[in-house]
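Reader: I am new to looking at protein models, and I would like to learn how to read one feature at a time. Could you take me through this example slowly?

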Amino acid sequence: MTTEPFNPFTIAQQQIDQAAEKLELDKGTHELLRWPMKEIKVTLPVKMDDGSTKIFHAFRIQYNTARGPAKGGVRWHPLETIDTVRALAAWMTWKTSVVDLPLGGGKGGVVCNPKELSQTEKERLARAYVRALAGSLGVTKDVPAPDVYTTPQIMAWMMDEYETIIGENHPGVITGKPLALGGSKGRGDATARGGIYVTREAAAVNGINLDGAAMAVQGFGNAGQNAALLGEEILHMKLVAASDSRSGVYNPKGISAAALVDHKIKNGVLKGFQEADEITNEELLALPVTVLFPAALENVVRADNAQDIKCRICCELANGPTTPDADRILDDKGIIVLPDFLANAGGVTVSYFEQVQNAYNLYWELQEVHWRLDKRMTQAFAGVYEMSKRSKIGLREAAYLVGVARVAEACKLRGWV
Ligand code: NAD
């Protein structure tokens, strides 16, 4: 038997097709929303520390800007493809819309293995990316941010390169910056925090008690580590398992999230953590936990393993972790799936707050960021939940209907369709 290679953009288009049918969009609007409005492919020559020149391929996709400038992270990954970036840019479009931010959707990617690059090579790559794209970036055009394997330091180099090119201070060109360069308080854990807020809301409307409930985290990077820490702090849940790209750890009695984060930061890997047993990624996904946080990459919950999933709530912090086939299986099993572009919208929401603060050159206290984020996420969840009840559909489909309808309306008002 041959299986089709996994293509996230095919999935993103299928999801739009379904939403378009439900929303009864006209043909022109439907077709417009199936495609990125602007795609940029650049080839970057970068000097390596040994004096050689390495060529990197990179992309920036501005999917749809009807509701505002493109917004979305830059991912550095060895398996990056233009179709992955297209899909992620589409999801950003529905994400900014579902939380009602005045932004469009975009995404960037560089095909590289950051684990093999020195700090100076990373800096040269970050600067090369911005040099190649500078004409298409800016607060009124497209604002990048961190994503998988890109960091506040990388954002700082990118901002500096952009400001050097245009010859003026322009911190809003990029978000997820370090605090000292105009970053927002609360951006570091915003993605996970937003996911925790919507998990709280979903549990409340479904009568699920989270106090002392078990959680498992797949992918122990920015989103995953903070989900574990905040799951403990805000929802009083108990972390029982976590994994990274190499291995996983499991202790049904509970793992201190802070101790595990500490171990990961010190050692770079989860392996070797003393107070837990080893577990594979597949085993972790199948644990009988109350909340599962997929927080690594796309395509992890598939038709072949969805039947094994036993959580009550699956909070998709990663983008695209569940395939459409798997989605149907989870739905049949009665698992509440908090869809990626709602569940992980906290990151872009605080990125938007960062842009607002940069524009005013006036910075908010952490409590204000948390309060505003909670309000946005709670409202977004309520809107999606209401749509799901009214239309008798799952939360993902409901989130699509809310997000896509707003983008379609903006396209229509502009006279594009
Ligand atoms: P990160 O680079 O900080 O962490 C990714 C983690 O995933 C790493 O610990 C890595 O070891 C692990 N991982 C990679 N492959 C894995 C595998 N096959 N199995 C298990 N673990 C694996 O990235 P991040 O910023 O935390 O992003 C994680 C996900 O969240 C991505 O899908 C990203 O698009 C999404 N996301 C992130 C943000 C953000 O603000 N950081 C916002 C929205 C969505």
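Predicted model: local features only at pLDDT ≥ 70, side-chain atom pairs only at ≥ 80, totals over all residues.

Reader: Which other residues place an N or O atom 3.0 Å from an atom of the ligand?

Author: A polar side-chain atom of Asn281 lies 3.0 Å from a nitrogen atom of the ligand, and a backbone N or O atom of Ala296 lies 3.0 Å from an oxygen atom of the ligand.

Reader: How many residues surround the ligand, and how do they divide into nonpolar, polar and charged?

Author: A residue is near a molecule if one of its heavy atoms lies within 4 Å of it. Here 25 residues surround the ligand, and the closest are Arg75, Thr191, Asn222, Ala223 and Asn319. The shell divides into 9 nonpolar, 10 polar and 6 charged residues, where Ala, Val, Leu, Ile, Met, Phe, Trp, Tyr, Cys and Pro count as nonpolar, Asp, Glu, Lys and Arg as charged, and the others, Gly among them, as polar.

**Loops and a helix**

Reader: Where is Asn361, and is it buried or exposed?

Author: Helices are DSSP runs (H or I, at least four residues), numbered from the N terminus. Asn361 lies in the loop between helix H12 (346–360) and helix H13 (366–391), and its phi is near 55 degrees, a positive value in a residue other than glycine. Buried means under 20% relative accessible area, exposed over 50%, and partly exposed in between (1.4 Å probe, protein chains only), so Asn361, at 63%, counts as exposed. Lys392, in the loop between H13 and helix H14 (395–413), also has a phi near 55 degrees, and at 76% relative accessibility Lys392 counts as exposed.

Reader: What span should H14 have?

Author: The expected span of a helix is 1.5 Å times one less than its number of residues. The 19 residues of H14 should therefore span 27 Å, and its end C-alpha atoms are 27 Å apart, which agrees. Within H14, Arg396 is buried, with a relative accessible area of 9%, whereas Leu413, at 70%, counts as exposed. Just after H14, Gly415 takes a positive phi of about 85 degrees.

**Cysteines**

Reader: How many disulfides does a search of the whole structure find?

Author: A disulfide is a covalent bond between the sulfur atoms of two cysteines, and the cut-off used here is a pair of cysteine sulfur atoms within 2.5 Å. The search finds 0 disulfides. The sulfur of Cys315 is 7.6 Å from the closest cysteine sulfur, in Cys314, which is too far for a bond. Cys315 counts as buried at 0% relative accessibility, and Cys411 is buried with a relative accessible area of 0%.

Technical notes
Residues numbered from 1 in each chain as written. Heavy atoms only, no water. Polar contact = N/O pair within 3.5 Å; in protein donor to acceptor, adjacent residues only side chain to side chain. Helix = DSSP H or I, 4+ residues; strand = E, 2+ residues; numbered from the N terminus.
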